[in-house]
Amino acid sequence: MSYKVSEEGNVATIHLDGEIDMDVTEKAKEVIFPHIDAGKEVHLNLSNVQYMDSSGISVLIESHQKALEKNTKVIIKDVSKSVLKVIMMAKLEQILNLE
Amino acid sequence: MSEIAHQDHTEKKAFLVNSSSLKDVRSFCREVFQKLKIHEDLKEELVLAIAEAAQNIVKHAFKNNADANELMVVQISCENNKLQIAFYDRGTPVDPNKVKHREIDNVKPGGLGTFFIQEIMDAVEFRDGKKPWINHLVLTKQL
C-alpha cells in the first residue's frame, strides 16, 4: 500500500493505493488517525484501492468512530466498485460517509 | 448458478503462516480461478472468502505468532461445477462452536471475516485434521 496526503485548511485528503489487508492496516491507521486526532476533516480517496478485506473495513469503521469522538468526519470518496461491494456486504453504506 | 461448465481441476499450494502471505494467497487463487474461467465478480468474492479464512489461521489459530517456517496449505478443487477450497494448518485446534461473527448491526471494528466467508460460500465445514495437520477447514460453492 502506498499513500499520498495533501492538506488544505481543515481538510486532509488521503489517497490510498493498493490492496488493503491485515498486513497493511497498521500502516493505514498510522496515516489516517493523526489527522483525525488533530481534528481535521479527512477525505479518504479509495479510487486506487481495488481490494479491501475485513481488516481494511475495520480501519474504515474505526476511523469513522474516532472522527465522531473528535467532532469531525471522515468522507470516503471515489470508492471502487469492488471495495463498495465489500462495504455493502458489511451493511455499512448507510453508516460510513460515502461520496 | 453458473451456466458455464467449468473444467475439473485441483491445485494446492503451501504458504508461510504470516500476514504478508495473504497477498500470495490471493495471487494463487486468482491464477487458479483464471484457469477455471470463473466470472470476474464471483472470482473476487471467492478471493475475499479464501483470504479471510487464511487470515483467520494467521490471526486466530496462530494468534499472529507462528514460527517462521510454519506452513498452511490451501487446496482449490473444482469437480462437476462444485468448488471446494480446503485449508490445512497446525495451529490451535478450532472449536467450530466458538467461530461466530459479530452481530452485523452492532457496528464496531472486527468480527467481519467469518461473516464474509458465510455470505459468499454455500457451506463452511471444519473437519478432523489428519496428521500432520490439526485444523482442516472446507469451504464449498456451487458454480
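Start at L83(B). Leaving aside residues up to four places away in sequence, L83(B) touches F33(B), L36(B), I38(B), L46(B), I76(B), S77(B), C78(B), L139(B), T140(B), K141(B) and L143(B). The model that shows these contacts is predicted.

The largest nonpolar core holds 69 residues. Within this core, I57(A), F33(B), I76(B) and L83(B) touch the most other members. Helix α2 of chain B, residues 40–61, gives the core its largest share, 11 residues. In soluble globular proteins, nonpolar side chains tend to be buried together.

Now follow α2(B) to its helix neighbours. Two packed helices are described by the angle between their axes and the distance between the axes. Take helix α1 of chain B first, which covers residues 22–35. The axes of α1(B) and α2(B) come within 9 Å and cross at roughly 145°. This crossing of α1(B) and α2(B) is right-handed. From α1(B), the contact uses L22(B), V25(B), R26(B), C29(B), R30(B), F33(B) and Q34(B). From α2(B), it uses K43(B), E44(B), L46(B), V47(B), I50(B), A51(B), A54(B) and Q55(B). The residues of the contact of α1(B) with α2(B) are nine nonpolar, two polar and four charged.

Helix α3 of chain A spans residues 81–89. Its axis and that of α2(B) come within 11 Å and cross at roughly 55°. α3(A) and α2(B) are therefore oblique to each other. α3(A) passes α2(B) in a right-handed crossing. On the α3(A) side, K81(A), K85(A), V86(A) and M89(A) make the contact. On the α2(B) side, D41(B), E45(B) and L48(B) make it. The residues of the contact of α3(A) with α2(B) comprise three nonpolar, no polar and four charged.

Finish at I120(B). This residue lies in helix α3 of chain B, residues 113–120. I120(B) has a relative accessible area of 1%, so it is buried, the cut-off being under 20%. Residues up to four places away in sequence aside, I120(B) touches M89(A), E45(B), L46(B), L48(B), A49(B) and K141(B).

Notes: Residues numbered from 1 in each chain as written. Chains lettered and ligands numbered in written order. Predicted model: local features only at pLDDT ≥ 70, side-chain atom pairs only at ≥ 80, totals over all residues. Heavy atoms only, no water. Helix = DSSP H or I, 4+ residues; strand = E, 2+ residues; numbered from the N terminus. Buried < 20%, exposed > 50% of the residue type's maximum accessible area, 1.4 Å probe, protein only. Contact = heavy atoms within 4.5 Å. Core = buried A, V, L, I, M, F, W, Y, C linked by side-chain atoms within 4.5 Å. Axes fitted to C-alpha atoms, helices over the stretch in contact; angles between N-to-C directions. Parallel < 35°, antiparallel > 145°, perpendicular 65-115°, else oblique. Left-handed = near helix turned anticlockwise from the far one by under 90°. Nonpolar A, V, L, I, M, F, W, Y, C, P; charged D, E, K, R; others polar.
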